[in-house]
Amino acid sequence: MMDAGYLGHLWALTPHVSRCCFARVLACEGGREERVYRCSNCGSQAEGGEARVLCACGSVLADGSDARIRCQVNEDPTPEYPGEIVAAELGNGP
Ligand SMILES: [Zn+2]
Ligand SMILES: [Zn+2]
């Protein structure tokens with residue numbers, strides 16, 4: 001097998017962006033309970049039940065608390081943030 005063996009797997013786009021480089025997260029439909037998530041840019045991988053093992057939703061602060069960053073559909077793409085999915089800080093809310 002070559003190093004690019006992952007190309008032989010079926011990867012599905014998820015509505016999440018990686019916290020390493022904010023590129024789209026791919027999920028491998030391997031038929032297992034734990035999916036493999038992969039950054040479409042740098043190739044970082046993580047296994048788990050949810051995309052947050054790799055995506056920006058799982059960002060934590062230095063003290064381990066939730067950084068309140070979530071992947072969201074980009075309702076208003078701009079030249080600065082042209083991505084379909086963006087990671088944005090949660091508002092302070094009501
Ligand atoms: Zn990455
Ligand atoms: Zn996410």
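Colleague: What share of the residues of the protein count as buried?

Modeller: A residue is buried if 20 or more other C-beta atoms lie within 10 Å of its own, exposed if 12 or fewer, and partly exposed in between, with C-beta atoms placed from the backbone. Of the 94 residues in this protein, 21% count as buried. Please note that this is a predicted model, in which local features need pLDDT of at least 70 and side-chain atom pairs count only at pLDDT 80 or more, while totals for chains, interfaces and linings use all residues. Residues are numbered from 1 along each chain as its sequence is written, and chains are lettered from A and ligands numbered from 1 in the order in which they are written.

Colleague: How many helices and strands does the secondary structure of the protein contain?

Modeller: Helices (H or I, at least four residues) and strands (E, at least two) are DSSP runs, numbered from the N terminus. Here there are zero helices and six strands, and the pattern along the sequence is β-β-β-β-β-β.

Colleague: In which order do the strands form the open sheet?

Modeller: Strands of a sheet pair through backbone hydrogen bonds, either parallel or antiparallel. Two strands count as paired if DSSP finds at least two bridges between them. In this model, four strands form an open sheet in the order β1-β2-β3-β4, with antiparallel pairing. Strands β1 and β4 (45-48) stand at the edges with a single partner strand each, so one side of each has no neighbour in the sheet. From one strand to the next, the twist averages 30 degrees; axes are lines fitted to C-alpha atoms, for helices over the stretch in contact, and angles run from 0 to 180 degrees between N-to-C directions.

Colleague: Which residues stand opposite one another in these pairs?

Modeller: Strand β1 (residues 11-17) is joined to β2 by four bridges, and tryptophan 11 has cysteine 28 in β2 as its bridge partner. These two strands form a hairpin with six residues between them, and phenylalanine 22 in the turn has a positive phi of about 60 degrees. Strands β2 and β3 are likewise antiparallel, over four bridges, and cysteine 28 stands opposite valine 36 in β3.

Colleague: Is arginine 38 buried or exposed, and why?

Modeller: Arginine 38, in strand β3, is buried because 23 other C-beta atoms lie within 10 Å. Two residues are in contact if their C-beta atoms, placed from the backbone, lie within 7 Å. Beyond its neighbours within four places in sequence, arginine 38 is in contact with Trp11, Leu26, Cys28, Gly43 and Gln45.

Colleague: Is glutamate 89 buried or exposed?

Modeller: Glutamate 89, in strand β6 (residues 85-89), is exposed, because 11 other C-beta atoms lie within 10 Å. Leaving aside neighbours within four places in sequence, glutamate 89 is in contact with Arg68 and Ile69.

Colleague: Which residues of the largest nonpolar core touch the most other members?

Modeller: In soluble globular proteins, nonpolar side chains tend to be buried together. A nonpolar core is a set of buried Ala, Val, Leu, Ile, Met, Phe, Trp, Tyr and Cys residues joined through C-beta atoms within 7 Å. The largest one here has 13 residues, of which Val17, Val25, Ala51, Leu54, Cys55, Ala56 and Cys71 touch the most other members. Two or more residues come from each of β2 (24-28), β3 (35-39) and β6.
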